[in-house]
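Visitor: I am new to this structure. Please take me to one part of it and look closely.

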Amino acid sequence: MRSIWNGAISFGLVSIPIKLVNATESRSVSFRQIHVEDGGRIRYRKVCELDGEEIGQAEIGKAYEDADGTMIPITDEDLAALPLPTAKTIEIVAFVPAGDIDPLQMDAAYYLSANGVPAAKPYTLLREALKRSDKVAVAKYALRGRERLGMLRVVDDVIAMHGLLWPDEIRAPEGVAPETPVTVREAELDLADALMATLGEVDITTLHDDYREAVEEMIAAKAAGGEGVAPPEPGEEGTGGQVIDLMAALEKSVRDAKEARGEPAEVTDIKSRPAKRTGAKKAAAKRTAAKKAPAKETAAKEAPAKGTAAKEAPAKGTAAKKSTARKQQPAKKQAAKKQTAAARKSASGKRSA
């Protein structure tokens, strides 16, 4: 692969000569602009606006346009003379966990190749250190007239570098999220979870560009004198902006995904599952339980009182009996005195006889 930049990696006091190689390539089908009437190709010519003449690439330089429209010429020598350590060096500034890098910052990807035999040892050292630390290196480098941010990581046995956007180049997602309040039900989340579990994982290397293949087939058909490919049948298009039954769409998606995987296409009826208490329902249940608690406590307190009353009932009966016995004691004493007096008279009569 052809290198697009030569320089070095600065790893502390260690310098590693490297070559920068593009790690990606575009496979998209490209088109030319033509004149519809006769099929003639439309070309762009670079013309000087002062004299109206077409200019070749060798005669074209660059300049900075000032606020008043003045052009300030800038040469390659001017840029090369800038006092930047990153002009020809990828300067590593830190090592961080890969999770600290926001995927939104990811830009172009490159392979870093050791440039020459002496570079093999320090290159391998940095590669193995990255592997063992399970981290990525954050670096600064200059390419195509500007300083950039990069992330170095290991891919197989090669150090790869991802260009990163500067943090201030990431736009805040203001006004992007739905502004209308939306409530998602537990049943809908359950079906979404079921769909995610059914779709499962995928080997990303098996995915391919269906659109590109369709375009290539259409071009081949037209080149052979045909009319291209047949348009899709009605009903194959997506729902677009139509309002859909979300539950029905989720259930059908789960069934379709299961059928595609050769699994039974039955979908558990979410409505028949025990309803999960939401936060509002749980709070209401707690309030009801709190109201019932004092009543239970009062009943519990009253129960011993009733038991005590039951115990006191026999005591009251005993007191009544004692009172009756006290009232009957004088009558008994009088009867006993009368009997004693009668007995004495009888005994006195017998002695007189």
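Visitor: What is the relative accessible area of Glu 213?

Guide: Glu 213 has a relative accessible area of 35%, so it counts as partly exposed. Buried means under 20%, exposed means over 50%, and partly exposed lies in between, with a 1.4 Å probe and protein chains only. This is a predicted model, where local features need pLDDT of at least 70 and side-chain atom pairs pLDDT 80 or more, while totals for chains, interfaces and linings use all residues. Residues are numbered from 1 along each chain as its sequence is written, and side-chain values use heavy atoms, leaving out hydrogens and water.

Glu 213 sits in helix α4, residues 210-223. Helices (H or I, at least four residues) and strands (E, at least two) are DSSP runs, numbered from the N terminus. Patch residues have over 30% relative accessible area and no salt bridge; like charges are joined within 9 Å, nonpolar side chains within 5 Å. A salt bridge is a side-chain nitrogen of Lys or Arg within 4 Å of a carboxyl oxygen of Asp or Glu.

Val 182, Val 184 and Leu 189 form it, with about 280 Å² of accessible area together. Leu 189 belongs to helix α3, residues 186-199. At 41%, Leu 189 is partly exposed. At 51% relative accessibility, Leu 199 counts as exposed. Its C-alpha atom is 7.9 Å from that of Lys 258, 59 residues apart along the chain.

Now go inside. The largest nonpolar core has 20 residues. Such a core is a set of buried Ala, Val, Leu, Ile, Met, Phe, Trp, Tyr and Cys residues joined through side-chain atoms within 4.5 Å. Among those with the most contacts inside it are Ile 9, Ile 90 and Met 161. Elements that each supply at least two core residues include β1 (3-11), α2 (120-133) and β7 (136-143). The largest share, four residues, comes from β7. In soluble globular proteins, nonpolar side chains tend to be buried together.

Last, two loops. Asp 134 lies between α2 and β7. Asp 156 lies between β8 (146-155) and β9. Asp 134 has a positive phi of about 55°. For Asp 156, phi is near 55° and also positive. Most residues other than glycine have a negative phi. Asp 134 is exposed at 67% relative accessibility. Asp 156 is exposed at 67%.

Technical notes. Areas by Shrake-Rupley, 256 points an atom, 1.4 Å probe, with all protein chains shown as cover.
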